[in-house]
Amino acid sequence: MTSLLAQWNYFLVIILMMLGFYAVIARGNMVKKMIGLNIFQTSVFMLYISMGKVSNGTAPILTGDSSTVYSNPLPHVLILTAIVVGVATTAVGYALIIRIQESFNTIEDDEIIELMDDDEAASEGRAS
Amino acid sequence: MLHSETLIYALLGLPLVASLGVLLLRKWPNLRDGQAVLIGLLTAACAIEFFARGADGTSLTLLAMTPSLSISFTPEPLGLLFALVAGCLWPLATVYTISYLRGVHEDNQTRFMFFYAIAIHAAMAIALSGNLLTLFVFYEILTFSTYPLVTHKGTEDARQAGRVYLGILVASSVVFLLFGIIGVWVIAGTLDFTAGGILAGKIDPIYVPFLLGLFAFGIGKAALMPLHRWLPAAMVAPTPVSALLHAVAVVKAGVFTVLKVAIYIFGLDFLTSTGASEWLIIVASFSILAASIVALRKTNLKARLAYSTVSQLGYIVLGAALASPLAASGAALHIATHAAGKITLFFCAGAIYVAHHLSDIKDMDGLGRRMPITYGAFALAALSIIGVPPLGGAWSKFMLMGGALDGQHMLVLVVLMVSSLLNLVYLGEIVLRGFFAPAKAGSVADGGYAEAPWACVVPLCITALISILLFFSVDFFILSFTG
Amino acid sequence: MMHHLPILQVIVPLLAAPLIALLRGREIAWLATFIVTGVTFVISLLLYYQVSESGARLVYDLGGWAAPLGIVYVIDAASALVLPIVTGIGFVVTLAARHLVTAEIDQRDHALFFTAWLLTIAGMLGQVTTGDAFNIFVFLEISSLSAYALVAMGAGRDRRALPAAFNYLILGTVGATFYVIGLGLLYMLTGTLNLDDLAVRLADIEQTRAAYMAMAFIALGLFLKMALFPLHFWLVPAYSFAPSAVAALMAATATKVSVYVLVRLMFGVFGIGFVGISEGLGTVLLTLGIIGAFVGTLAAIIETDLKKLFAQSSIAQLGYMAIGIGIMTPAGLAAAFIHLFNHALMKGALFLAIGVIGAQTGRATMRTIEGAGRQIPMTMTAILFGGLALIGVPLTAGFISKLYLIRALLESDFWVLAGLTFVSSALALAYVWKIVEAAWLKPRPEGAPDLYETPMMWLPAWLLVIATIGFGIFASPLINGAVQAAAVFFGGQS
């Protein structure tokens with residue numbers, strides 16, 4: 001039991017991950033999808049960061065004392081990169097949402113699908 | 001003295017030259033067609049010379065795709081026989097085609113002549129192929145090059161027929177035939193045609209019938225029921241195409257492949273010792289009888305001839321399935337005799353169409369009296385198909401029966417006899433109606449002598465005479481296969 | 001100079017991309033892109049030559065830091081085979097982009113278009129070259145993010161490109177995140193991200209549940225990226241609403257690179273000895289592969305929009321690659337590499353030829369190509385040859401693919417699967433022939449706009465068609481390359 005509780009950070013990660021993933025799949029609103037995606041990604045960031053923690057370790061800045069225990073800095077560096085990538089993804093996503101709002105006047109999935117079907121019918125009509 | 005290699009190049013190259021010539025001379029129809037006939041004659045001469053000389057084991061590798069796969073040509077007696085058939089009938093068919101196309105004013109004659117020559121090239125390559133890969137490559141080229149011929153008219157009917165034609169032939173070949181070929185490749189490690197076969201001892205006999213099935217049904221061009229539908233469907237094509245499909249190139253390429261695979265891949269001994277081809281005997285017998293019965297019920301002349309072809313192809317597959325040397329020789333001979341007979345019948349059907357625009361048998365009562373030469377040739381060819389001496393067809397049927405006796409297949413004897421009777425009925429009806437039935441008043445058949453143009457009539461007379469010739473010089477054409 | 005080729009392969013397009021964004025004038029932006037893709041193509045050929053000549057693998061330490069501390073770029077027989085596909089296709093498609101982009105993209109956006117274009121290519125090259133698992137993720141995102149933007153640029157002609165790009169973004173990001181999760185688990189287990197080092201350390205540790213989960217997450221993420229059935233739903237809208245040039249580039253290369261990364265991770269890191277690979281992955285790939293082959297082919301048969309039709313066919317073709325990998329033998333993996341290469345050529349040719357039509361009519365549908373065989377014969381003939389290659393007609397590259405795939409299946413006694421593969425590939429005839437009938441056997445409808453073509457328009461497609469036929473006839477170099485590439489991942493076994 002203690003070992004399970006000791007891993008509370010993983011449970012947190014899993015809960016966040018499922019929350020985010022659920023929002024991505026189940027929400028029709030594109031902004032909500034993006035938020036879900038962000039939560040999903042953030043859970044992964046936390047997975048990495050928490051694994052870099054070494055018990056009783058301090059921040060990985062050289063102290064000059066050879067007995068100092070440091071946390072692992074590499075996951076932090078990786079996640080710094082991943083955050084940058086995540087921000088870029090979010091930016092592209094919202095840019096797309098703005099363009100979708102401009103052209104379709106909605107950002108609801110099901111309404112857009114209807115409008116797309118109309119477009120399909122219209123282009124078929126044009127071709128014939 | 002020509003080198004064998006030169007002859008291989010000639011047989012493969014001359015039809016290609018002719019097709020190029022057709023393209024280059026498209027502005028001058030007479031030159032265009034003249035050169036095709038001349039090159040055709042040259043091809044025929046080469047084919048005769050090569051056949052008379054016989055195979056000497058020359059092998060020619062044109063292209064090595066990978067170390068174990070190559071496009072190569074190794075003539076052997078059976079292949080030379082097929083090359084002879086295709087080579088000799090091609091110039092005749094060309095003369096006939098030219099006259100037919102001009103007689104009925106078909107469009108796109110250049111395209112037609114071009115693909116006709118390409119189809120012959122593919123047939124020659126199939127005949128001389130030295131391994132299964134080469135055979136498969138040109139088998140597909142033959143299919144695709146005859147597609148524009150079948151759909152030549154461009155109507156909805158033609159498109160529909162083209163779909164059936166291509167669908168069955170390509171699907172069967174890429175699903176079953178290629179499967180079989182790769183299977184052989186994996187099992188035997190080679191694809192070369194070798195006397196006595198390459199599979200003996202390398203495969204568990206239990207699997208042999210399945211492998212044989214992949215080939216029997218993969219070679220859609222052999223029109224074994226139930227894969228025969230493309231053949232009647234392709235009847236929408238102009239008659240010279242039907243002649244090409246039925247007698248010269250396509251179906252003959254199919255049954256030739258079946259025979260070649262049975263003899264040079266499986267090996268006759270291996271087939272008999274494993275009994276792997278027993279089931280094929282039954283299927284082929286069924287195909288023979290069923291197609292004959294369908295033919296009886298068709299009143300469109302070309303459709304009836306098409307089903308007759310399906311039935312006759314069954315003979316050749318049967319010969320391969322019986323897997324005795326005598327039956328295989330008979331099947332090989334039947335390729336030649338049926339080719340001569342069936343091309344004559346189609347030429348006649350085309351001549352009737354060119355002269356009077358008739359295609360239904362019921363309208364042809366009394367027509368024989370207006371077209372005595374055409375009907376005379378038709379009668380001769382019909383007798384040859386039925387198997388009456390002194391015509392070529394008698395020998396091949398006789399040898400097949402002998403083969404059946406060898407293997408104690410009494411039922412096959414019965415099938416052959418019944419089928420001969422059915423042949424007699426459905427082909428005889430046409431001849432009898434033509435010569436003896438009174439012409440319906442006011443019908444086209446009512447009138448004086450009116451033959452098709454001479455360029456249509458002469459080729460069909462020649463092919464009818466070849467049928468007779470085949471009877472008397474049959475020694476020349478009998479190949480012997482041992483093992 | 002020759003020593004720096006591995007890094008130049010990636011860095012040249014990566015650095016050129018922002019510079020091109022600064023260029024004004026559409027001709028100059030295109031020309032610069034064309035030159036850069038040409039240079040990357042030459043570099044990849046040199047790399048291939050070096051690797052195949054020496055038989056050794058080239059390892060390049062970034063900044064002089066050796067593995068496992070530093071990031072290394074590794075060129076071995078497998079990556080050397082995939083690089084020329086990406087760069088070669090990129091080069092030819094850029095050649096075609098000249099007229100396609102002029103026709104389809106607003107002139108103000110050209111410089112930005114080509115910036116994103118080079119970034120996509122650079123991202124793909126990075127994924128293939130790098131020897132570091134996290135680096136793969138970074139390059140994956142570089143190529144994906146720019147690809148989302150490129151797909152969205154189709155909005156100038158059809159607004160449906162925007163939702164297509166958005167869905168692509170969502171699923172692409174989910175896939176990439178799955179990959180990162182798997183990687184995190186691997187890192188926890190081994191403490192390294194270098195691919196070679198990972199392989200060594202994984203072999204030592206126990207095959208725990210965490211290792212299986214890592215494998216499953218990574219595989220799932222990459223299945224999404226390579227559009228393996230049933231994770232393929234983003235692909236068809238993304239390809240069909242993207243600008244023609246983008247569709248051609250992505251159809252020919254993007255999914256292929258993901259296939260390569262999958263092979264690299266599954267075989268190169270976990271290795272065939274890993275129970276999850278030998279027991280689980282093979283069955284999954286074979287099953288999904290054959291279902292995907294049928295689903296894609298059948299969907300293509302009923303499709304009337306040519307881009308969508310060939311996008312569906314891509315699902316089927318990816319299925320064949322999955323089958324090749326799933327056989328789990330050197331022969332199967334070699335067959336997958338052969339098909340990966342050949343399919344890139346065929347699909348590139350097809351999408352470029354369709355682009356010629358699409359650039360003129362907005363969309364290439366069965367209706368718009370009716371009777372087109374006489375008006376644009378070179379373009380339609382390119383489609384015919386591409387289609388024949390897809391069916392696997394002899395003397396085309398598709399035939400070689402099929403030959404080796406089936407042989408690999410039969411050698412491992414998958415007779416039924418081989419039969420099913422044959423049936424599904426024969427069904428390809430139906431959708432290819434639909435096009436042939438429409439283009440050649442039907443007359444041009446009254447009032448349909450006249451189509452035209454110039455050599456500059458059909459030449460790029462024909463370059464790939466010629467390559468398709470060339471590799472169908474002279475197949476030895478490719479087969480040798482693929483066998484060597486497969487040997488990279490099975491070397492430890494024998």
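**View 1. Helices α4(C) and α5(C) meet in this predicted model.** The axes of α4(C) (residues 110-129) and α5(C) (residues 133-152) come within 8 Å and cross at roughly 150°; axes are lines fitted to C-alpha atoms over the stretch in contact, with angles from 0 to 180 degrees between N-to-C directions. That angle makes α4(C) roughly antiparallel to α5(C), a label for angles over 145 degrees. The crossing is left-handed, meaning that the near helix is turned anticlockwise from the far one by less than a right angle. Helices here are DSSP runs (H or I, at least four residues), numbered from the N terminus.

Who touches whom? On the α4(C) side, contact residues include F113(C), W117(C) and M124(C), and on the α5(C) side they include F139(C), L140(C) and L150(C); contact means heavy atoms within 4.5 Å. By class, this contact has twelve nonpolar, six polar and no charged residues (Ala, Val, Leu, Ile, Met, Phe, Trp, Tyr, Cys and Pro are nonpolar, Asp, Glu, Lys and Arg charged, the others, Gly among them, polar).

**View 2. The largest pocket holds about 1600 Å³ of space.** A pocket is an open set of points on a 1 Å grid over the protein atoms alone, where a 1.4 Å probe fits, with protein on both sides within 12 Å along at least five of seven lines; lining residues have an atom within 4 Å of a point. Its volume is the space filled by probe spheres set on the points, which are joined across faces, edges and corners. Of the 46 lining residues, F114(B), F115(B), F144(B), P148(B) and L384(C) are closest to the centre. Helices of chains B and C supply lining residues, among them α4(B) and α17(C), while α5(B) gives the most, with eight. The lining has 26 nonpolar, eleven polar and nine charged residues.

**View 3. The second largest pocket holds about 890 Å³.** Of its 34 lining residues, N167(C), L171(C), F233(C), W234(C) and P237(C) lie nearest the centre. Helices α2 and α5 of chain A contribute at least two residues each, as do several of chain C; α6(C) gives the most, with eight. This lining has 24 nonpolar, three polar and seven charged residues.

**View 4. Chains A and B do not touch.** Their closest C-alpha atoms lie 20 Å apart. Of the two pairs of chains that touch, A and C make the most contacts.

Residues are numbered from 1 along each chain as its sequence is written, and chains are lettered from A and ligands numbered from 1 in the order written. In this predicted model, local features need pLDDT of at least 70 and side-chain atom pairs count only at pLDDT 80 or more, while totals for chains, interfaces and linings use all residues; side-chain values use heavy atoms, leaving out hydrogens and water.

Key: Angles under 35 degrees count as roughly parallel, over 145 as roughly antiparallel, 65 to 115 as roughly perpendicular and the rest as oblique.
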